[in-house]
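Try each task before you read its solution.

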Amino acid sequence: MDKSKRYNVIIVYADDLGFGDLGCYGSHQIDTPNLDRLCREGLKFTDAYATSAVCTPSRYSILTGRYPFRNSRAHILPGDAGCIIERELDTMPGLFGRAGYRTGIVGKWHLGLGDGSGPIDWNQEINLTPVDLGFDESFIFPATADRVPCVYVEGRKVVNLEAEDPIAVSYEAECPFDDIPTYHKNPELLKMRSSHGHDMSIVEGIGRIGYMRGGKKAVWKDEELAETFLDRAIRFIDDSRKQNQPFFLYYALHQPHVPRVPSSRFRGATALGPRGDVIAELDWCVGELRKELERLDILEDTMIIFSSDNGPVLDDGYEDGAYERNGTHRAAGPLRGGKYSKFDGGTRIPFIVSCPGLTHKGTSRALVSQVDLFASFAHMLGEQLAPDSAVDSQDMYAALTGEDPVGRKELMVEDVSCGKMLRRGNWTYLSPSEGAPFMGNVRIETGLSMDPQLYNMDYDIGQQTNVAWDYEEVVKEMEERLKEIQRSDRTR
Ligand code: NG6
Ligand code: CA
């Protein structure tokens with residue numbers, strides 16, 4: 001492949017999509033023709049990992065090239081949190097910007113907004129948003145679809161906000177607004193019931209986390225989220241072409257995170273209920289994006305990386321039938337555990353690279369982490385990184401393009417409670433940590449145990465047989481290595 005080629009880059013980042021959720025990763029229950037095609041034409045990774053089993057820390061890593069433990073605030077954030085990325089930190093969009101690219105983000109953010117000097121005033125310009133962190137264009141929702149405020153933010157401002165209907169947001173346990181519908185007071189307004197949590201404000205007939213008042217015109221329609229983000233992504237690409245600039249787009253899909261509300265076109269698309277339907281919808285979004293690249297005749301100049309921020313969960317807090325209608329579908333494929341967990345189901349995710357001129361197509365078993373994208377793109381762009389930039393990111397460009405079948409020697413991931421797992425070669429080592437082995441509400445095995453756990457991924461991809469006692473030396477070495485990685489003084 002042409003080593004000096006500077007491709008347009010699109011990262012399509014799904015939310016809570018599992019290792020087994022796509023046709024090309026073994027699902028027979030959900031049709032994903034567009035992603036399957038991307039896979040056929042590109043490279044499918046079997047051993048790619050997010051850095052965390054939940055959202056905020058994984059997103060922090062992909063954009064900063066740092067492991068989440070380096071930032072003490074990298075945990076699932078409420079919708080009114082301050083931004084956890086400081087203005088001074090080098091970011092992936094900053095890197096592309098330096099290289100002359102136009103940079104854009106569309107979709108889910110979940111890294112906090114505002115500089116934290118005071119509570120966010122959603123009615124004013126927000127003083128720290130993605131446009132301060134290297135993105136030229138930004139069209140996002142602040143946190144998750146199940147957290148208030150349920151609004152879009154473009155640049156620094158809430159979209160469609162009317163001065164006479166200001167927004168107020170609260171994450172207090174007690175609702176401070178007595179004139180808004182809430183879950184326990186107004187059950188008659190609910191379109192979907194919650195199974196756990198999600199019982200504060202009711203917005204658009206759905207219980208959410210946090211309380212929100214006002215902003216009636218600004219509130220999104222859940223069934224329109226997919227098309228709104230897709231339109232914006234396409235608009236960004238079109239504008240970049242008009243300006244004749246190479247572009248970097250971070251397209252952070254909201255599917256299949258809860259609440260799962262597909263557009264009418266995808267309602268009933270699968271037999272699995274809303275969770276399957278929104279995965280079919282997600283696949284369609286990728287297909288539409290590809291069509292646009294074809295229409296503009298730039299598919300040949302564009303690298304698409306598709307992945308997910310963490311593993312899957314069926315019941316993440318709403319009664320949407322995901323668990324009951326799942327049938328034989330295995331959202332995490334052969335992996336054990338899921339979202340939140342220290343087992344591979346938490347962090348080993350679909351990862352597809354589509355790019356003309358790959359050295360190899362088909363399947364790659366190279367070990368790569370999403371944290372590596374930063375240094376890999378620096379390589380592609382021929383940009384030097386400062387010593388304090390993207391400190392955990394390794395240049396895996398040769399692995400991404402199929403040339404190197406091996407990838408990293410080792411990588412570290414975190415579960416929801418920040419317990420650590422080290423993958424090295426065919427070993428996964430789960431460091432001992434406290435906590436229940438099973439999260440009852442989401443019905444997921446956490447992998448937490450006070451015993452060290454060691455699994456041979458070559459023979460035991462489902463992590464069923466703990467061989468820690470047979471390989472005490474390996475356990476000792478890997479525990480020491482985890483400590484060593486964390487001892488480095490680059491924490492911010
Ligand atoms: C949990 C939520 C879950 C989801 C998750 C974040 C409850 C009971 N559960 O606290 O629904 O929102 O946070 O998901 O509120 S993530 O993919 O953004 O990390
Ligand atoms: Ca997620």
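Predicted model: local features only at pLDDT ≥ 70, side-chain atom pairs only at ≥ 80, totals over all residues.

Residues are numbered from 1 along each chain as its sequence is written, chains are lettered from A and ligands numbered from 1 in the order in which they are written, and side-chain values use heavy atoms, leaving out hydrogens and water.

**Exercise 1.** Find the order of the strands in the open sheet and name its edge strands.

*Solution.* Start with the elements: helices (H or I, at least four residues) and strands (E, at least two) are DSSP runs, numbered from the N terminus. Two strands pair if DSSP finds at least two bridges between them. Tracing the pairs gives 10 strands in the order 7-6-5-4-12-1-13-14-2-15, with mixed pairing. The edges are strand 7 (157–158) and strand 15 (362–364), each pairing on one side only. Now zoom in on strand 4 (residues 102–108) and strand 12 (residues 247–252), which pair in the parallel sense over six bridges. There, Ile105 has Tyr250 of strand 12 as its bridge partner.

**Exercise 2.** Work out how enclosed helix 2 is, and what its buried residues pack against.

*Solution.* Buried means under 20% relative accessible area, exposed over 50%, and partly exposed in between (1.4 Å probe, protein chains only). Of the 10 residues of helix 2 (residues 55–64), 10 are buried, so the helix is largely enclosed by the rest of the structure. Next, look for contacts (heavy atoms within 4.5 Å). The buried residues pack against strand 1, helix 3 (92–98), strand 4, strand 12 and helix 6. Finally, step past the helix to Gly65, whose phi is positive, near 70°.

**Exercise 3.** Describe how helix 4 and helix 5 pack together.

*Solution.* Two packed helices are described by the angle between their axes and the distance between the axes. Axes are lines fitted to C-alpha atoms, for helices over the stretch in contact, and angles run from 0 to 180 degrees between N-to-C directions. The axes of helix 4 (residues 225–242) and helix 5 come within 10 Å and cross at roughly 20°. Helix 4 is therefore roughly parallel to helix 5 (angles under 35 degrees count as roughly parallel, over 145 as roughly antiparallel, 65 to 115 as roughly perpendicular and the rest as oblique). Among the residues that meet are Leu230 and Ile234 in helix 4 and Trp284 and Leu289 in helix 5.
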